[in-house]
Amino acid sequence: MYAQRNPVQYDYYKTIIGRIDPYNDINYYRFSNGRSKIFMNVYEADQHFIDSNTLIFQRTPSRLLIEYSKQNNNEWQLFWQIKNNIPITASMIDTLYLDSLAQKQGPNWVIPYQLHFENSYIQYIKFPGEGLPDKSPHTSNRNHPKILFQKPVTFKQCTFTSLYFRNVIFNDDVTFLNNFTFGRFSNGVIFDNTLFNKKSRIINDYISQITHFPLADDQQITQIRNKVFTWAEKVFSNFFSDPFSGLRTQPAYKANPNCIFYNEAVIYNNNPYYSFDFSGVTFKGRTYITTFFRDQSRLKYDDSQAEDAPEIDLAPASNMKFPICNMSFNSANFSHMTSFNNQYVNNIDLKDAFFSDTLMLFNTIIKDSSKTNNNFYYTHLSSGLNIILNPSNFNLSGFNINPVSIGELNFMYCQTNSAISMRSKAFLENANSFYDKVIDDIKFTYSRNQDLVNELENKYRHEQLGFKIVYLCHNPSVKNLLELYRIIFLELAVGNGYRGGVNFLTCCFLIIIFFTFSYYFLFRKTFIEYIDAENEEKNERTNKSKKRKRSSYDPKDHIKNFLKCLWKSFHIFWGYKFNGTYFSFPTPLLILVIMEWLMGFLMILIFMVYIAANYPFIRNLLGL
């Protein structure tokens with residue numbers, strides 16, 4: 001559309017994308033047919049848009065549709081295209097009435113048609129059952145009839161004053177791509193009590209919006225690759241700054257806490273002149289807060305296969321030229337995998353956000369000089385959460401994870417070269433290098449908490465052993481098998497030094513029970529007679545004046561006999577001195593007793609080396 005003061009018609013139009021003040025009356029327009037093309041005369045519009053700080057961008061015309069009242073002559077054209085799934089392009093609509101598209105189903109309204117708008121201006125959308133939009137914010141009412149969109153809803157490179165989606169259910173894909181929200185009193189696009197049941201794309205990409213602006217003939221054209229046009233930066237700086245409030249950031253999208261994304265969501269903003277607010281929102285599907293959200297950015301592994309490692313194939317460096325900015329996820333709930341992959345994050349509020357599934361931070365750099373709400377210090381990370389990092393390029397100190405949380409997280413090695421087999425020596429060396437780097441970063445970042453550093457070092461040394469076991473199993477040799485048996489034994493006995501207290505106690509208990517059953521079933525009479533004689537001797541030394549009759553062995557007293565064997569087995573296992581009276585046993589029984597005593601002595605040594613050194617209380621108690 002081209003604003004003009006004379007009746008001359010042009011063979012092209014220019015899309016008006018401007019800061020429209022909704023408190024002023026919109027100028028109305030009418031069609032003017034010329035030959036085989038449709039053109040538009042705009043009457044008395046120049047001064048209005050110039051005062052509104054308008055930008056005009058040239059486009060190739062298709063069909064221009066306008067609806068400025070419920071009863072105008074153009075309404076049927078607009079709805080005819082919508083009902084026939086024809087995208088609406090190059091349109092200026094002051095109020096988009098959805099009443100004629102909706103069907104009443106019980107208390108709710110259903111819109112069974114696809115909505116697809118591109119390169120259009122829409123001031124308001126009137127939803128079924130509601131009055132015309134007013135100037136005051138709406139108040140959410142859960143008892144209000146629901147509005148169900150059954151087909152995809154798409155707005156690409158459109159301009160809005162304010163749109164308010166209240167009590168809406170999107171049952172198909174939703175796309176808001178590189179749109180513009182302007183206006184002195186504009187709140188942008190607001191979602192209130194809205195459910196997204198399929199894939200969602202809510203994106204403002206700075207470079208795409210800049211390249212959407214064509215240049216006039218007198219402006220120099222520069223190829224856009226990794227550079228931003230100098231003229232475009234000036235245009236955005238002048239165009240987005242609000243002359244009334246002085247603010248340089250316009251609200252683009254806001255979702256209230258009662259909104260839920262049930263499926264995959266891609267939400268990011270790298271335009272410094274716009275802001276996104278998704279505070280308190282629940283994300284139940286995969287969530288991508290990154291410009292990289294294609295299928296190859298997803299994890300390529302099956303959680304049920306313990307030997308598999310995550311595999312990812314992405315660009316080698318972060319998107320640093322256009323960082324994510326002006327986004328708030330304060331108190332948001334991410335219950336599925338969340339990705340910040342290959343992203344430079346300049347300004348994002350994650351305070352009190354809760355992440356309960358895999359967090360992908362592959363090539364992610366978070367800039368946070370003020371240490372306020374950025375990074376993950378004030379974020380809730382669930383216990384056992386997996387974090388994916390680039391094996392060769394990461395910095396834990398930049399994430400600023402709270403020391404309270406980091407002990408319960410798992411930094412996972414990620415395979416970046418599918419040509420390297422998981423059974424190869426090269427794979428093992430890469431995994432060891434990754435965990436060595438994790439340990440070094442932990443020592444540097446949390447140096448003030450030595451106990452935490454020791455705990456995490458043991459944890460990731462233990463992770464390294466997991467990869468080593470896989471390598472040894474698939475590369476058998478005498479040396480490798482001996483090393484494998486050693487690692488497996490220490491894992492069963494003391495967890496190879498990482499939280500092995502339960503393993504140690506369990507292993508000791510099983511050993512004692514094994515020998516108890518051996519004594520009871522193989523040498524019951526001899527072993528119990530020895531126990532009775534030993535007890536009588538102790539009693540006589542304690543009470544010299546009293547003499548008691550020695551109790552005789554009763555083969556029918558099974559419970560008492562078994563408990564005697566259990567108690568003596570416990571004593572042999574934990575006794576640091578070998579009792580010389582054991583040599584009176586028959587040779588087979590003596591060998592069994594010696595075996596238990598040696599195993600107990602070995603377990604105590606292993607305890608000292610692998611477990612006691614990791615617990616301050618035990619170290620102090622034993623004087624280590």
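Guide: A salt bridge here is a side-chain nitrogen of Lys or Arg within 4 Å of a carboxyl oxygen of Asp or Glu. Linked in a network of such bridges are D436, K443, E457 and R461, and the count of salt bridges comes to 13. Please keep in mind that this is a predicted model, where local features need pLDDT of at least 70, side-chain atom pairs count only at pLDDT 80 or more, and totals for chains, interfaces and linings use all residues. Residues are numbered from 1 along each chain as its sequence is written, and side-chain values use heavy atoms, with hydrogens and water left out.

Visitor: What makes K126 and D99 a salt bridge?
Guide: Their closest N and O atoms are 2.9 Å apart, and the rule asks for a nitrogen within 4 Å of a carboxyl oxygen, so the pair qualifies. K126 lies in strand β11 (residues 121-126) and D99 in the loop between β7 (92-97) and β8 (103-105), so the pair ties together parts that are 27 residues apart in sequence. Strands (E, at least two residues) and helices (H or I, at least four) are DSSP runs, numbered from the N terminus.

Visitor: Why is K126 called buried?
Guide: Buried means under 20% relative accessible area, exposed means over 50%, and partly exposed lies in between (1.4 Å probe, protein chains only). K126 has 11% relative accessibility, so K126 counts as buried. D99, with a relative accessible area of 24%, is partly exposed. Across the protein, buried residues make up 50% of the 624 residues.

Visitor: What does the bridge between K254 and D277 tie together?
Guide: K254 lies in strand β22 (residues 250-255) and D277 in strand β25 (residues 274-277), so the bridge joins parts that are 23 residues apart in sequence. The closest N and O atoms of K254 and D277 are 3.2 Å apart. Both residues are partly exposed: K254 has a relative accessible area of 31% and D277 one of 23%.

Visitor: Which sheet holds β22 and β25?
Guide: An open sheet of 6 strands, in the order β15-β19-β22-β25-β29-β33, with parallel pairing. β15 (162-166) and β33 (348-349) are the edge strands, as each pairs on one side only.

Visitor: How do you know that β15 and β19 pair?
Guide: Two strands pair if DSSP finds at least two bridges between them. β15 and β19 (residues 188-192) have 5 bridges in the parallel sense, so they meet that rule. Within this pair, F165 stands opposite F191 in β19.

Visitor: How far apart in helix α9 are E483 and R486?
Guide: They are 3 residues apart, which means about one helical turn. E483 and R486 form a salt bridge, with closest N and O atoms 2.8 Å apart. E483 is partly exposed at 21%, and R486 is partly exposed at 39%.

Visitor: Why does L492 count as exposed?
Guide: L492 has 59% relative accessibility, so L492 counts as exposed. This residue is found in helix α9 (residues 478-494).

Visitor: What makes L492 part of a nonpolar patch?
Guide: Patch members have over 30% relative accessible area and no salt bridge; like charges are joined within 9 Å, and nonpolar side chains (Val, Leu, Ile, Met, Phe, Trp, Tyr) within 5 Å. L492 is in the patch along with V478, L481, L482, Y485 and I488, and together they have about 620 Å² of accessible area. Such areas come from the Shrake-Rupley method with a 1.4 Å probe; for residues, only the protein chains shown count as cover.
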